[in-house]
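Please look over the sequence and the structure below before reading on. The explanation is meant to be followed with both in view.

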Amino acid sequence: MNVLVIADAYPTPDRNSADFRLTRLLAAIAADHDVYFVAVAERTQVAALGNEDLSRYRKGVEALGVTVVDGGVMQALRARPYAAVVFEWFFVARRLIEDVRSLQPAARV
């Protein structure tokens, strides 16, 4: 089953507990499903952390068996059907939920 996870940024599990939780959640889902990940505020995270740290955190997500989708949420939503779409935070969902429901009507949100 394809699962899309939409977060505001790549998880930084060595910096805060919420991101540690997200990392464990991604690993658990990826153990049984094909997981795709989009960070909607990647540019903001680059500005805050720099390219080197961002690359390290991206590789950390990929090491879990998760596919990082480049090109943004709309690209991810159009790329393949998803059985489920998971939002990390409500403020991300608030901006994108209508697009998700429109482009992935069969997905559980």
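The paragraphs below move from the whole chain to one helix, then to the salt bridges, and end with a single residue.

This is a predicted model, in which local features need pLDDT of at least 70 and side-chain atom pairs count only at pLDDT 80 or more, while totals for chains, interfaces and linings use all residues. Residues are numbered from 1 along each chain as its sequence is written, and side-chain values use heavy atoms, with hydrogens and water left out.

The protein chain contains five helices and four strands; helices (H or I, at least four residues) and strands (E, at least two) are DSSP runs, numbered from the N terminus. Along the sequence these elements follow the pattern β-α-β-α-α-β-α-β-α. The C-alpha atoms fill a box of roughly 35 × 30 × 20 Å, taken along the principal axes. For 109 residues, a compact globule would have a radius of gyration near 13 Å, and the 13 Å of the protein chain agrees with this. That radius is taken over C-alpha atoms, and the globule rule is 2.2 Å times the number of residues to the power 0.38.

Of the 109 residues, 41% count as buried, where buried means under 20% relative accessible area, exposed over 50%, and partly exposed in between (1.4 Å probe, protein chains only). Among the contacts (heavy atoms within 4.5 Å) with a separation of 6 or more, 74% involve residues 24 or more positions apart.

Helix α1 deserves a separate description. In α1, the residues D19, L22, T23, L26, I29 and A30 are buried. These residues cover an arc of only 135° around the axis, which puts them on the same side of α1; the arc is that of the directions from the helix axis to the C-beta atoms. The buried residues of α1 pack against β1 and β2 (34–39). At the start of α1, a side-chain oxygen of N16 comes to within 3.2 Å of the backbone nitrogen of A18.

How many salt bridges does a search of the whole structure find? The search finds five, a salt bridge being a side-chain nitrogen of Lys or Arg within 4 Å of a carboxyl oxygen of Asp or Glu. One of them joins the side chains of D53 and R15 (3.0 Å, N to O). D53 lies in helix α3 (residues 51–63) and R15 in the loop between β1 (2–7) and α1 (17–30), so the pair ties together parts that are 38 residues apart in sequence. R15 is partly exposed, at 46% relative accessibility.

Helix α3 also holds E62 and R58, four residues apart and thus separated by about one helical turn. These two form a salt bridge, with their closest N and O atoms 3.2 Å apart, and E62 is partly exposed at 34%. The side chain of R58 also meets that of D70 in a salt bridge (2.7 Å, N to O). Because R58 lies in helix α3 and D70 in the loop between β3 (67–68) and α4 (73–79), this pair ties together parts 12 residues apart in sequence.

Finally, Q104 lies in the segment after α5 (90–103). Q104 is buried, with a relative accessible area of 7%. Not counting residues up to four places away in sequence, Q104 touches L77, R80, P81, Y82 and D99.

Note on methods. Polar contact = N/O pair within 3.5 Å; in protein donor to acceptor, adjacent residues only side chain to side chain.
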